Amino acid sequence: MPKVGLGSVLWAALTLALLTLPVVIVATEEALSAVPNSMREGSYACGASKWQTIRRIVLPRAMPGITTGMILAMARGAGEVAPLMLVGAVKLAPALPIDGNFPFLHPERSFMHLGFHIYDLGFQSQNSEAAKPMVYTTTLLLIVLIVVLNLAAIALRARLHKRFKGTHI
């Protein structure tokens, strides 16, 4: 079980959630307010309840905007290194948070972070010239990971937008 005062995956996840939550909240509010009131009123006029209107009219039309907010939050979270260094990222983790031993996920363990690895190799190594290829490789890996996650989220947003664009009450 994670302990207060010791870094772990759990504390890092909670820290990133608190850092990215405002981006998601603002994007969600904007997406919900972008749904025209005439659609809500039309749904009420057809006899739908408030919950039915939210579930069938408002949320489907707001999902692309909400997904955009999640994409922005994910990109921001991927670049956060400093807070993670305080709550669990280490230079070398003796054991990974995921392994083959039950319960398979160990949220009490420390973890390695690509951004911290880049910083450590680039600025803290004894021979920074010899570490340059590893810094470039790690940076490329981090960029590719972020691009793949963003492309997947953008594809999901486009799919949701296409799915709900032509629907009517």
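Predicted model: local features only at pLDDT ≥ 70, side-chain atom pairs only at ≥ 80, totals over all residues.
**Overall shape and burial**

- The radius of gyration of the protein is 21 Å, whereas a compact globule of 169 residues would have a value near 15 Å.
- Along its principal axes, the C-alpha trace of the protein spans about 70 × 35 × 30 Å.
- Among the 169 residues of the protein, 30% count as buried.
- When contacts with a separation of 6 or more are considered, 64% of them in the protein are accounted for by residues 24 or more positions apart.

**Packing of helices α2 and α3**

- Two packed helices are described by the angle between their axes and by the distance between those axes.
- Helix α2, made of residues 37-45, packs with helix α3, made of residues 50-79, at an angle of about 145 degrees, and their axes are 10 Å apart.
- The crossing in which α2 passes α3 is right-handed.
- On the α2 side the contact is made by Met-39, Arg-40, Ser-43 and Tyr-44, and on the α3 side by Lys-50, Thr-53, Ile-57, Val-58 and Arg-61.
- Sorted by class, the contact of α2 with α3 has four nonpolar, two polar and three charged residues.

**Aromatic pairs**

- The structure holds three aromatic pairs.
- One of them joins Phe-102 and Phe-104, and because the ring centres are 5.9 Å apart and the planes stand at 85 degrees, this pair is edge-to-face; the cut-off for that class is an angle over 60 degrees.
- The two partners fall into separate accessibility classes: Phe-102 is exposed, with a relative accessible area of 71%, while Phe-104 is partly exposed, with a relative accessible area of 43%.
- Ring pairs also link Phe-116, Tyr-119 and Phe-123 into a cluster.

**The backbone at Phe-104**

- Phe-104 lies in the loop between α4, which covers 82-87, and α5, which covers 114-124.
- Most residues other than glycine have a negative phi.
- Phe-104 is not a glycine, and yet its phi is positive, at about 70 degrees.

**Residues in helix α6**

- Asn-150 counts as buried because its relative accessibility is 16%, and the cut-off for a buried residue is under 20%.
- If residues up to four places away in sequence are not counted, Asn-150 touches Ile-71, Met-74 and Ala-75.
- Leu-145 is also found in helix α6, but Leu-145 is partly exposed, with a relative accessible area of 44%.

- Asp-120 is found in helix α5 and is buried, with a relative accessible area of 12%.
- Leaving aside neighbours within four places in sequence, Asp-120 is in contact with Lys-91 and Ser-125.
- Asp-120 and Arg-76 are 44 residues apart in sequence, and their C-alpha atoms are 21 Å apart in space.
- Met-85 has its place in helix α4 and counts as partly exposed, at 36% relative accessibility.
- Between the C-alpha atoms of Met-85 and Asp-99, which are 14 residues apart along the chain, the separation is 22 Å.

Key. Residues numbered from 1 in each chain as written. Heavy atoms only, no water. Phe/Tyr/Trp six-rings, centres within 6.5 Å; stacked < 30°, edge-to-face > 60°. Buried < 20%, exposed > 50% of the residue type's maximum accessible area, 1.4 Å probe, protein only. Axes fitted to C-alpha atoms, helices over the stretch in contact; angles between N-to-C directions. Helix = DSSP H or I, 4+ residues; strand = E, 2+ residues; numbered from the N terminus. Left-handed = near helix turned anticlockwise from the far one by under 90°. Contact = heavy atoms within 4.5 Å. Nonpolar A, V, L, I, M, F, W, Y, C, P; charged D, E, K, R; others polar. Rg over C-alpha atoms; globule rule 2.2 N^0.38 Å.
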